[in-house]
Amino acid sequence: MLRDRCGAELGRLRFRACGACRAGRILDVRVVDDRRREGLGRELLLALLERCPDHRWTTTLQTEAGRRFFAAMTEETSVPFPRGGPLCAHLASRLTRAWRRATAIGAG
């Protein structure tokens, strides 16, 4: 998460990563409206790549702006960020368990 000097949130990147499989999924990259086009999303993504080197990444469905962003980041970093695609077994089972808990709460 990126914050300004006063502690207000400027942007965030949510992801899931599996160290065993070296795979990950970017769930979303968000930057506050009045701070877009300043490179904050780029900064967040570069920090993720540094934190999780040599991972294969996928993203959730992308907006048109998201497709342009990830295409530019692929060109800059040589790391592909395809939409969707299968998750590794570890991440898939974690998401499945979370989904089951969420739907069980709603049903109870």
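Strand 2 (residues 9-18) and strand 3 (23-31) run antiparallel and are joined by eight bridges, where helices (H or I, at least four residues) and strands (E, at least two) are DSSP runs numbered from the N terminus, and two strands pair if DSSP finds at least two bridges between them. The model is predicted, so that local features need pLDDT of at least 70 and side-chain atom pairs count only at pLDDT 80 or more, while totals for chains, interfaces and linings use all residues. Residues are numbered from 1 along each chain as its sequence is written, and side-chain values use heavy atoms, with hydrogens and water left out.

**The sheet**

- Strand 1 pairs with strand 2 in the antiparallel sense over two bridges, and leucine 2 has glycine 11 in strand 2 as its bridge partner.
- Strand 3 and strand 4 pair in the parallel sense over four bridges, and arginine 25 stands opposite threonine 58 in strand 4.
- Taken together, the four strands form an open sheet in the order 1-2-3-4, with mixed pairing.
- Strand 1 (2-3) and strand 4 (56-59) stand at the edges with a single partner strand each, so one side of each has no neighbour in the sheet.

**The whole chain**

- The secondary structure of the protein chain comes to three helices and four strands, which follow the pattern β-β-β-α-β-α-α when read along the sequence.
- Of the 108 residues in the protein chain, 30% are buried, a word that here means under 20% relative accessible area, with exposed meaning over 50% and partly exposed in between (1.4 Å probe, protein chains only).
- Seven of the nine residues of strand 3 are buried, so this strand is largely enclosed by the rest of the structure.
- Among contacts (heavy atoms within 4.5 Å) between residues at least 6 apart in sequence, 58% join residues at least 24 apart.

**Helix 1 and leucine 45**

- Helix 1 (residues 40-51) lies across strand 1, strand 2, strand 3 and strand 4, and runs at about 30° to strand 2; axes are lines fitted to C-alpha atoms, for helices over the stretch in contact, and angles run from 0 to 180 degrees between N-to-C directions.
- Leucine 45 lies in helix 1 and counts as buried because its relative accessibility is 0%.
- Leaving aside neighbours within four places in sequence, leucine 45 is in contact with Leu13, Ile26, Phe69, Phe70, Met73 and Phe81.
- The C-alpha atoms of leucine 45 and arginine 12 are separated by 9.5 Å, although these residues are 33 residues apart along the chain.

**The largest pocket**

- The largest pocket has a volume of about 860 Å³, a volume being the space filled by probe spheres set on grid points that are joined across faces, edges and corners.
- On a 1 Å grid over the protein atoms alone, a pocket is an open set of points where a 1.4 Å probe fits, with protein on both sides within 12 Å along at least five of seven lines, and lining residues have an atom within 4 Å of a point.
- The largest pocket is lined by 27 residues, of which Val29, Thr63, Ala65, Gly66 and Phe69 lie nearest its centre.
- Helix 2 (64-77), like strand 3 and helix 1, supplies at least two residues of this lining, and helix 2 gives the most, with eight residues.
- The lining divides into eleven nonpolar, seven polar and nine charged residues, where Ala, Val, Leu, Ile, Met, Phe, Trp, Tyr, Cys and Pro count as nonpolar, Asp, Glu, Lys and Arg as charged, and the others, Gly among them, as polar.
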